[in-house]
Structure formats: structure tokens, C-alpha cells
Amino acid sequence: MDATLERPTTTLPSSSDAKPSVSESSISKPCASAHGNIAPSDADNEFRVVGAEHIITPADLPADKRNWQEAIYAKTHALGYIVLRGFDIKDAEHFQEFLQQELNIEPWNVFNKLKMAGPIITLIRRITDGILGAGDNRSYLNAQLQKLGAIENSVQGPHVEGGVYDKRARYLFMYCEEAPSHWGETGVADMHKVYESLSTQTQQGLAQAQQQFEFTSIKRLNWLERTILTLGKIKHYVRPDENMQMLMDTTPMVCRHPEHQIACPQIWAYRGDTVHQAASDTFPERTPLDPECMASTWQMKWNLTDRTGQPIEHGVAMMDELIEATFKACRLVRWQQGDITVVDNIRCAHWRMNGHADQPRKVYQLQAVPFLASDYQMD
Ligand SMILES: [Fe+2]
């Protein structure tokens, strides 16, 4: 349950009513372009591509490799995300070796807290995808190393990794073993910059809020599926319709950044229609985009409450503002083979951009340093 998706339940207004279809959207929306009345092109969004400021080569690091971990973390805290380029990482296994042996970083994965072997956690992943009705087919080479989902003509919702859990990883490391020649980037957004761009009312509303996600299974669960929920310590109960309701952790909507004390919204953009519209508006040259598969399948509910547990009014509108602001502020990691993108998973959101299904894209992820989001609730 690590992607960011929604199917509005009856407790939330259905955004599908308000959102035009893809074809209507592309007809009614002007083709804004820096080049006049011509179709938008990739050049219009070239400024979003992550550039030199965030790219770290071996020459930018201390001569003594024992100081690399500290230097990499410091740069990641300062910039939110960095791209390690030119480190001559051959393949996914070499990536894990590099992390563990050269950087002395011990992986820790939010989706495999019990550290099960790769084939077992991959199987469990398939089972939980089946409980929810859709998944991204990610697989585990071992207990820590995940191969991320395949490229599609859709844009994922911006999210902090594991954002439905209180205990999650502070850092993400994504390695590109094979890069597409066009699109298929990873989107990133500095959520503090996003926060600063929000209306004062939304800033204040989100800063004091807590969020919780609930999922409804698409079927009655068998003993194995129930056992997996129990082992995963996911609260659950059987609904009157015999499907299972799963309650995730209650966590701060906005975290205080541990090093810089800045406000960082912990987005887990479950509103698929809003994401689709914001992505289409931000990247008109890529339209029509498909709706994200999981976003149109998962049945879920998002609870935004104050510290006393009372529902916050206009929560959905605030989330939509946050999603739109995130896309406005977004940047794109245009992958090169061998790149490692390091993301501060408190400060930044990330997501998979659209691409061409027939192009190669092999991106692997390791996570490290567990923390409790509830330790960083805003004052
Ligand atoms: Fe992710």
C-alpha cells in the first residue's frame, strides 16, 4: 500500500463529477506554450529537469570515502533530493553493495518490516494487491531491494514513501539500471516550498491536522489474507458486507523537518482525479494521460482530523490545493543509467511520471533509517 490512490467513498465527494474527461479537458484547455499558438512541447517543461545544483559527482564528495555518508546526508537535507551521478554503479546488486559497503548505510524497508526473503515478500505483495484489487507489480530481489513498477501512460500521485504508516523510512535511494530515452522520469517536489505556496488558511489547517487512510478490500478475505494483515499489524475488521476494512496509522499531516525545523506536508495524494487533472495541466504536451490504474480501483477513505480527532472542514479542498501546488513546484529526475537519486522522505514527495510502455526503465529502490512521523508533529 505504497502508491497514492483513491476511489472516493460515500463519505467524500466524488471528484469524478466535477472533473472533465480527458478528451473534454484537452479540448477546453488552451494549449499554453512559450512559443505562441502552437502545440505544447517538452521544451516548455525543460526548466523542471533536475540540474547541476542537485547533481553530485565523486569529485563533489570528500576524498576520504568514510565521510561520504555524512556529506550525502547533509546535501540531501539541504536540497531535499540529490542525484549521485558518475559513480560507476553497474547493476542493482552493485547499487546495494555500494550503499551498504561504501556509504555504510543499512537498508530498512517500510513494506518489509519483518525482513522476509525476496520471494516471500514479493508473494505477499501480490496477495495484498489482490486484497485491494490492483497493484504496481513491484518485486523484491531480496528483503530490501525492490524493483519499481513498470512505466505506463499515467502519472502517479505525489507521495512520501510509506505515508500511510507512522514508522517509515527517512531516506529513499533509487537506482537506474536502464533508462528510457524519453519521459519515464521520477517527479520530485520540495514540500516545504509547496507549503509556502499554499494559502494561509490551508497552511494553518494542514499544520494542525492529522491524517489517516482506510482501505476496503474488494472481496471477503481468506485466512491467509487475514493472517497477512495481522502479521503486518494492520488494524482491520469485517464490514457488514463481509469485505474487510483496514485502518492505517494516524499521522501528522505536516511534519517539522528534523534538521531545518521547516514545515513539510506529508502528502499521500490519494485523489486520483485531482492528480490526473493537475498532471495534465502541468504537462499538456503529455496529454491525454491515462488514469492511474490503482487510483481508479482502490476503495479508500481519507480522514483529516484535528488533534482531538474532530473532522476538519474542507479537508478535501485543502488536499486538492496541496496536489495542485505540488505539481506546480515539481521537478523531474531525467534518469541516466547508473544514477542514484537520494530523497529526504520527510522533506520531499516523489512519484513516477508517465512514459512509453515499450521503452526500457529499470529503477530499483532501497530505503533507510526508520523514524516515527508522530515525533515530528508541528507545534
Ligand atoms: Fe514511491
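Predicted model: local features only at pLDDT ≥ 70, side-chain atom pairs only at ≥ 80, totals over all residues.

Colleague: Okay, how many helices and strands does the chain have?

Modeller: The secondary structure comes to 9 helices and 17 strands.

Colleague: And what's the overall size?

Modeller: The C-alpha atoms fill a box of roughly 60 × 55 × 45 Å along the principal axes. A compact globule with 379 residues would have a radius of gyration near 21 Å, and the chain has 20 Å, so the two agree.

Colleague: How much of the chain is buried?

Modeller: Of the 379 residues, 43% count as buried. Also, take the contacts between residues at least 6 apart in sequence: 84% of them join residues at least 24 apart.

Colleague: Which residues touch the most others in the largest nonpolar core?

Modeller: That core has 89 residues, and Phe173, Tyr175 and Val342 touch the most other members. Strand E5 (residues 167-178) gives the core its largest share, 7 residues. In soluble globular proteins, nonpolar side chains tend to be buried together.

Colleague: What is Val342 in contact with, beyond its neighbours within four places in sequence?

Modeller: Val342 is in contact with Ile72, Thr76, Tyr81, Ile82, Leu84, Tyr171 and Phe173.

Colleague: Switching to helices: which residues of H2 are buried?

Modeller: Those are Trp68, Ile72, Tyr73 and Thr76. Seen down the axis of H2, the buried residues fall within an arc of 125°, so they line one face of the helix. The face turned away from that buried side carries Ala74 and Ala78, which are exposed.

Colleague: What covers the buried residues of H2?

Modeller: The cover includes strand E2 (81-84), helix H3 (92-102), E5 and strand E15 (340-344).

Colleague: Now a strand. Is E16 largely enclosed or open?

Modeller: Strand E16 (residues 348-352) has 5 of its 5 residues buried, so the rest of the structure largely encloses it. Both faces are covered, with Cys348, His350 and Arg352 buried on one side and Ala349 and Trp351 buried on the other.

Colleague: How many bridges join E6 to E16?

Modeller: Strand E6 (residues 186-190) is joined to E16 by 5 bridges, and the two run antiparallel. In this pairing, Asp190 stands opposite Cys348.

Key:
Residues numbered from 1 in each chain as written. Core = buried A, V, L, I, M, F, W, Y, C linked by C-beta atoms within 7 Å. Buried ≥ 20, exposed ≤ 12 C-beta atoms within 10 Å, placed from the backbone. Helix = DSSP H or I, 4+ residues; strand = E, 2+ residues; numbered from the N terminus. Contact = placed C-beta atoms within 7 Å. Rg over C-alpha atoms; globule rule 2.2 N^0.38 Å. Pairing = 2+ DSSP bridges. Arc of directions from axis to C-beta.
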